[in-house]
Amino acid sequence: MIAARGITKQFGDFVALDDVTIEIPDGSLTALLGPSGSGKSTLLRIIAGLETPDRGVVEIHGRDQTHVPPQRREIGFVFQHYAAFKHMTVRDNVAFGLKIRKQPKARIDARVNELLEIVGLAGHQKRYPNQLSGGQRQRMALARALAVEPRVLLLDEPFGALDAKVRADLREWLRRLHDEVHVTTILVTHDQEEAMSIADRIAVMDHGRIEQVGHPRELYDRPANRFVMGFLGPVSEIGGRLVRPHDIVIELEPSPGAHEAQITRIVHLGFEVRVELALARRDGVFAQLTRDEAQQLEVSEGDIVWLRATNALVEAPDPA
């Protein structure tokens with residue numbers, strides 16, 4: 001288990017981390033999720049030993065590692081822009097850490113062959129980094145980090161520089177890889193879909209603090225506060241409460257507790273329909289319907305309807 005306890009870190013007057021405590025279970029894939037400046041990368045770098053906290057303790061597998069150098073923490077680290085050795089082949093890049101540790105040649109060959117097979121680069125051993133696609137370079141980076149058999153794998157926005165299709169493919173691949181190698185993994189990301197799709201647990205961060213930690217579904221269905229709810233998906237406000245767009249029911253007749261609204265726009269998005277609405281004296285909201293639900297309603301832009309929230313989760317403050 002990795003435990004960060006009471007971690008505080010300042011850069012000048014800026015408080016990057018404010019008394020942060022979190023535990024990462026062995027074998028889990030935990031995402032640190034939050035906007036830019038929330039402290040997630042700083043926390044990762046402190047766990048890696050690349051930064052030293054002003055206060056607090058980092059424990060890895062029960063041992064205080066707060067002041068232990070990075071190379072002695074048995075950690076693999078992959079950055080967004082991975083600095084591969086351009087003059088080395090894929091095979092030599094992956095083998096580098098093992099050679100530095102003076103492992104026997106037979107051991108190096110076996111380990112490199114195993115990892116290149118796992119990451120799908122077995123046929124690219126003799127290529128150089130500039131001959132690989134962005135996704136292939138990141139898979140090489142992960143193989144290189146795993147080569148030395150780290151007890152912990154730290155990933156700092158590893159797919160952030162890639163296009164959406166490659167990023168989606170790689171996160172699915174990363175989940176399969178994790179299920180195969182079972183190394184304790186911490187992923188830093190600002191991409192909610194990425195965190196929700198591959199992580200066992202998510203720690204949502206904002207302004208140097210952890211707002212909530214839990215299973216992705218738990219955070220989505222039972223957010224601790226407005227920030228967590230808003231950061232993990234779209235929200236609308238009806239009757240002073242926040243609600244997910246798919247939890248808004250559109251009715252054609254008034255009913256107790258329903259709120260009158262006018263349809264301003266209907267957008268067909270293939271498998272779903274987005275209905276944008278205006279509530280009296282409030283900002284616009286939108287509801288998310290299936291195509292069948294939209295066809296049954298037979299509504300048009302300009303129609304007056306009534307809205308009912310089936311699962312309003314978090315209290316919203318009264319409007320000013």
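By class, 14 nonpolar, three polar and four charged residues line the largest pocket. Ala, Val, Leu, Ile, Met, Phe, Trp, Tyr, Cys and Pro count as nonpolar, Asp, Glu, Lys and Arg as charged, and the others, Gly among them, as polar. The model is predicted: local features need pLDDT of at least 70, side-chain atom pairs count only at pLDDT 80 or more, and totals for chains, interfaces and linings use all residues. Residues are numbered from 1 along each chain as its sequence is written, and side-chain values use heavy atoms, with hydrogens and water left out.

**Pocket**
- The lining comprises 21 residues, and I75, G76, F77, R101 and V148 lie nearest the centre of the largest pocket.
- A pocket is an open set of points on a 1 Å grid over the protein atoms alone where a 1.4 Å probe fits, with protein on both sides within 12 Å along at least five of seven lines; lining residues have an atom within 4 Å of a point.

**Aromatic pairs**
- Two aromatic pairs are found in the whole structure; rings of Phe, Tyr and Trp (its six-membered ring) pair if their centres lie within 6.5 Å, and planes under 30 degrees apart count as stacked, over 60 as edge-to-face and the rest as tilted.
- The ring centres of F85 and F96 are 4.7 Å apart with planes at 50 degrees, so this pair is tilted.
- F227 and F231 form a stacked pair, 5.5 Å centre to centre with 20 degrees between the planes.
- F231 is buried at 14% relative accessibility, where buried means under 20% relative accessible area (1.4 Å probe, protein chains only).

How values were computed. Buried means under 20% relative accessible area, exposed over 50%, partly exposed in between (1.4 Å probe, protein chains only).
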